[in-house]
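Dear colleague,

I am passing on the structure below, together with an account of what I found when I went through it. Please keep it open beside this message as you read.

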Amino acid sequence: MLYTSYWLLSLSLAFLYAYFFVLYIKHWNSLPYFPENDIYIPKTLISVLIPARNEEDNILKCITSIVGGNYPEHLFEIIVIDDHSEDSTPQCVLDFNQRNVRLIELKNYIKLGENQPYKKRAIEAAIDEANGDLIVTTDADCIAGENWLHLIAQFYETQDKRFIAAPVNFYEEQSFFERFQSLDYIGMMGITGAGVQGNFTHMCNGANLAYEKELFFEVGGFKGIDHVASGDDMLLMQKIARFFPSSLGFLKNPQATVFTKAKPNLKEFFSQRLRWASKSSSYTEGFTVFQLVAVFLFYSNIVFNLLLSIILGYPFFLLFLIQMGIKVSFDYIFLRIMTRFFSRQDLMPSFLQSQFIHLLYIIFVGLWSNVKKKYIWKGRVVR
């Protein structure tokens, strides 16, 4: 009886995982592609906000990519918010010396303190000084394509969406480990778009986000979610979804993507993923939390069944194979769709090896993020 119940539980987790991917594929495919209109004349004044800490190697490339785009110069400004950098980041911005690029120093707004939500405070300070009606956020280590702002403005002006999530991808991978991260993240972009389209989960990335300045103030900004150091993106999105669920949109066009580099080693990778996972305890959406817990339990169950097969033999190895077969099959179908959309089919040869890394890192991060409540980011201890 116990044996049968265990099999049923294990298979239920596997079929639940398959159901999630049927949901993702269905809603990603139903999400309309948003084509750029080359002759469209935008009219929205945009403020691009770039929080930066110790980014002297990246900030000029980021700014240059935005300034070099095709959005009219008189319709956008770039505000770099320096977060107590210990390198030459502020001077790099000042040396750029362009009329619509300016620097704010966070040290003039808040004092240093371990529990400060620095990035949220940086964004708040910039929004207070922003001239634009539409706030667009990105990260200092990102670069944008020439159509980036034009697509965001066109989407905003024609689709009646006040909060817009858009794609983020990695580029210039140098190793299998970096290709694994790219493949993993392309899958996250698909889940992001599908969740917004189906209105069943709300995920986004602050490296490519747009929202009305007025909307930010209407929901009280980061009030109520500023106890978490991160979460300037997803926690804000989930807060807005509670008040204005129909105002959210996902910009489905690969030209709207911003690009950043994958982490070069395990230490930096796990630091990043632990930082992302640290905000999950503050999620307010039941189905989002349910998905995260269900996937963690499924992956843990796969590994547990493999270990049981060493002790108890073939029946548990068969269960492991069934579960792994379901995971691999649905991951492959979904990632094939996503890599084709982003023209990154070159990543698929890394798929099978990536499956095992993905399995183990999700378990590790899920466990460790609930034990380790502090992490290092940019040389600073945060919660």
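V48 stands opposite I78, which belongs to strand β2, and this pair sits in a stretch where β1 (residues 46-52) and β2 (residues 76-82) run parallel and are joined by seven bridges. Before going further, please bear in mind that this is a predicted model, and that what follows was computed from it.

The two strands belong to an open sheet of seven strands, whose order is β3-β2-β1-β4-β8-β6-β9 and whose pairing is mixed. At its edges stand β3 (101-105) and β9 (248-250), and because each has a single partner strand, one side of each is left without a neighbour in the sheet. From one strand to the next, the twist averages 20°.

Are the side chains of β4 buried or exposed? L134 and V136 point one way from the strand, I135 and T137 point the other way, and all of them are buried.

Helix α5 (residues 148-159) lies across β1, β2, β4, β6 (163-165), β8 and β9, and runs at about 140° to β4. Helix α8 (residues 234-243) also packs on the sheet, where it touches β6, β8 and β9, its direction making about 135° with that of β6. Helix α8 is mostly covered, since eight of its ten residues are buried, among them M234, L235, L236 and M237; Q238, K239, I240 and A241 are buried as well. What do these buried residues pack against? Their partners are β6, α6 (176-198), β8, α7 (213-218), β9 and α10 (286-312).

There is also an open sheet of three strands, in the order β5-β10-β7 and again with mixed pairing. Its edge strands are β5 (143-144) and β7 (168-170), each of which pairs on one side only. Strand β5 is joined to β10 (residues 258-260) by two bridges, the two strands running antiparallel, and the bridge partner of A144 in β10 is V258.

I then turned to the cysteines. A search of the whole structure finds zero disulfides. C92 is in no disulfide, and the nearest cysteine sulfur, that of C62, is 12 Å away; C92 counts as buried because its relative accessibility is 13%, under the 20% limit. C142 is likewise in no disulfide, and here the nearest cysteine sulfur, again that of C62, is 6.5 Å away. With 3% relative accessibility, C142 also counts as buried.

As for open space, the second largest pocket holds about 240 Å³. It is lined by 16 residues, of which L31, K161, Q197, G249 and F250 lie nearest its centre. The elements that give two or more residues to this lining are α5, α6 and β9, and β9, the edge strand mentioned above, gives the most, with three residues.

Two residues stand out for their backbone angles. Most residues other than glycine have a negative phi. H84, however, has a phi near 55°, a positive value in a residue other than glycine; H84 lies in the loop between β2 and α3 (89-96) and, at 16% relative accessibility, counts as buried. N199 also has a positive phi, near 55°, and is found in the loop between α6 and β8, but at 42% relative accessibility N199 counts as partly exposed.

Lastly, I would draw your attention to T339, which is found in helix α11 (residues 314-341) and counts as buried, its relative accessibility being 1%. Leaving aside residues up to four places away in sequence, T339 touches L183, I186, R344, Q345 and M348.

With best wishes

Note on methods:
Residues numbered from 1 in each chain as written. Predicted model: local features only at pLDDT ≥ 70, side-chain atom pairs only at ≥ 80, totals over all residues. Heavy atoms only, no water. Pairing = 2+ DSSP bridges. Helix = DSSP H or I, 4+ residues; strand = E, 2+ residues; numbered from the N terminus. Axes fitted to C-alpha atoms, helices over the stretch in contact; angles between N-to-C directions. Contact = heavy atoms within 4.5 Å. Disulfide = S-S within 2.5 Å. Buried < 20%, exposed > 50% of the residue type's maximum accessible area, 1.4 Å probe, protein only. 1 Å grid on protein atoms, 1.4 Å probe; cavity = no way out; pocket = protein on both sides within 12 Å on 5 of 7 lines; lining within 4 Å. Points joined across faces, edges and corners; volume = space filled by probe spheres on them.
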